[in-house]
Amino acid sequence: MENGIFIGGGGEGYGEKQFLTLKYANRHGLIAGATGTGKTVTLQILAEGFSNAGVPVFLSDVKGDLSGLAASGTESFKLHDAFTSRAGTIGFEDYRYHACPVTFWDLFGTQGHPVRTTVAEMGPLLVSRLLELSEAQEGILNIAFRLADEEGLPLLDLKDLQALLVWVGENRSDLALRYGNISVQSIGAIQRRLMVLENQGATQFFGEPALELSDIMRTDAEGRGQINILAADKLMASPRLYATFLLWLLSELFEELPEVGDPDKPKLVFFFDEAHLLFEDAPKALVDKVEQVARLIRSKGVGVYFITQNPADVPEDILGQLGNRVQHALRAFTARDRKNLRMAAETYRDNPRFSTEDAIKEVGVGEAVTSMLMKKGVPGIVERTLIRPPSTQLGPLDKTLRASLIQASDLASKYGTTLDRKSAYEILRARAEAAAAEAEAEEAREEDMSVAEREFSTARRYSGGRVGRSSSRRMRSRKDIDIGYEMKRMVVKELTGTTGRRIVRGLLGGLFKGR
Ligand SMILES: Nc1ncnc2c1ncn2[C@@H]1O[C@H](COP(=O)(O)OP(=O)(O)OP(=O)(O)O)[C@@H](O)[C@H]1O
Ligand SMILES: [Mg+2]
């Protein structure tokens, strides 16, 4: 079938070819099943199929075993006979080995091109989620983001956000008039969360050059879709970062891509492995957002496929949107397992030949209960499908091969080095330094003034005329100088005459340096 991706054989004796219709591939999908039942290979053959059909793919590689997509399978591989015999059973006449065009990405920048985004682009909602902030803390983060906008402080990396929070803390009494109480405790809590994130290695991830979406939507010279593999093995140690990143990418796609209605084939297909992490103790607002993004991203031509062990891990509203399904075997050990299994079975259109529930229990490794969207987007009747064997290498790609592919890629120079352009951190630091220098200069001027002049200027200073958008560092140094000034004045009162004044400058002048 020209307009579909061959996934395997169904019917009696597995002889009836089963396809995923490209026209409906943007109506999302699900790959589910217990451990070792064939989910990863199913993802692999779907990625191959999309790539061959000219559709770019983005997928997360949780165990590192999908990197084999970049290499061809071989006749010397131990499962070669098993693969060819399976191909024979399902009538896959033109089964052959080949490699796919692959681009490797890595949030930590070691196993692929570094993927980066800016703090501002991620936005307060996702950053709050990433930091697991309480509602009150999230409120403060929202204020901080807004202030950054108003003050023209670009938020690119983590140190920008840290500097901004320090600034908010220092100016909190001024800000309280507009935004209500800003507690130092909450700011401290956010800062500590940022440190945890930093320790997880996320420093790399926030910054520039930020990922350009067009770079994950490429086709090669032969018109095959590029398969973008995100290294997620190390990333899985920080599940929040993993889930938030993928969610960010989805919402970026949603916001940036133009409407295309129902294209002949998707513009991009997105596979989300270990999808349960997205929903685990997620607040309702976030689940609603995922549901909304999934519903709307379809018309941008993006298909999203969730991979998870148990379909019950996916909220019902989202599950209902996953039209193309490959359900590998589920276990039925406990009462709860059996309930989940029954629920999973209920969502399919029954096939008179077998019970869906029994089939989900019985299917072997690399076999699945499948249901694909048919004409007019109606779900097809359930099939027991023997999934086709992969054409690319099963298992991980050799490390040196991987490294050389990354190096040879034309994206290597674009994403290779971090840029550190002037942003919130640098601007606030420069402001603070300028303020400190000004305070020092003023102090020096004051030294030269007569006591009378000083008293006059002190009075003027308290008129409040010069308070405004000055940075807090300036405000603080002023206050310190004022206290110092009072001390100096007391001493001066006791020492009269020019000699006395010079002594004072010598005694106290140096004391305030370096503030
Ligand atoms: N379509 C298939 N054709 C041939 N062999 C298959 C197929 N699917 C699975 N297998 C065999 O089953 C093994 C396990 O499959 P796979 O790694 O896809 O399971 P999984 O569900 O991803 O497991 P886990 O939950 O542990 O990641 C494969 O290594 C392969 O040997
Ligand atoms: Mg797997």
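Modeller: A word on terms to begin with: helices (H or I, at least four residues) and strands (E, at least two) are DSSP runs, numbered from the N terminus. This is a predicted model, in which local features need pLDDT of at least 70, side-chain atom pairs count only at pLDDT 80 or more, and totals for chains, interfaces and linings use all residues. Residues are numbered from 1 along each chain as its sequence is written, chains are lettered from A and ligands numbered from 1 in the order in which they are written, and side-chain values use heavy atoms, with hydrogens and water left out.

Colleague: OK, where does H28 lie?

Modeller: H28 is in the loop between β2 (16-21) and β3 (29-32), and it has a positive phi of about 65° although it is not a glycine. Most residues other than glycine have a negative phi, and most peptide bonds are trans.

Colleague: And which peptide bond is cis?

Modeller: The one from E208 to P209 is cis, with omega near 0°, and P209 is placed in the loop between α7 (184-199) and β7 (227-231).

Colleague: Switching to ligand 1, which residues come nearest?

Modeller: There are 18 residues around ligand 1, and G36, K39, T40, V41 and K63 come nearest, where a residue counts as near if one of its heavy atoms lies within 4 Å. The shell around ligand 1 divides into eight nonpolar, six polar and four charged residues; here Ala, Val, Leu, Ile, Met, Phe, Trp, Tyr, Cys and Pro count as nonpolar, Asp, Glu, Lys and Arg as charged, and the others, Gly among them, as polar.

Colleague: Which element gives the most to that shell?

Modeller: That is α1, with three residues, while α1 (39-52) and α2 (80-89) each supply at least two.

Colleague: What about backbone atoms and ligand 1?

Modeller: Taking polar contacts as pairs of N or O atoms within 3.5 Å, a backbone N or O atom of G36 lies 2.8 Å from an oxygen atom of ligand 1, and a polar backbone atom of G38 is 3.0 Å from an oxygen atom of ligand 1. For R388, a backbone N or O atom lies 3.1 Å from a nitrogen atom of ligand 1.

Colleague: How much of ligand 1 does the protein cover?

Modeller: The protein covers 79% of the 620 Å² of accessible area that ligand 1 has on its own, with areas computed by the Shrake-Rupley method with a 1.4 Å probe.

Note on methods:
A polar contact is a pair of N or O atoms within 3.5 Å; within protein, one must be able to donate a hydrogen and the other to accept it, and residues adjacent in sequence count only if both atoms are side-chain atoms.
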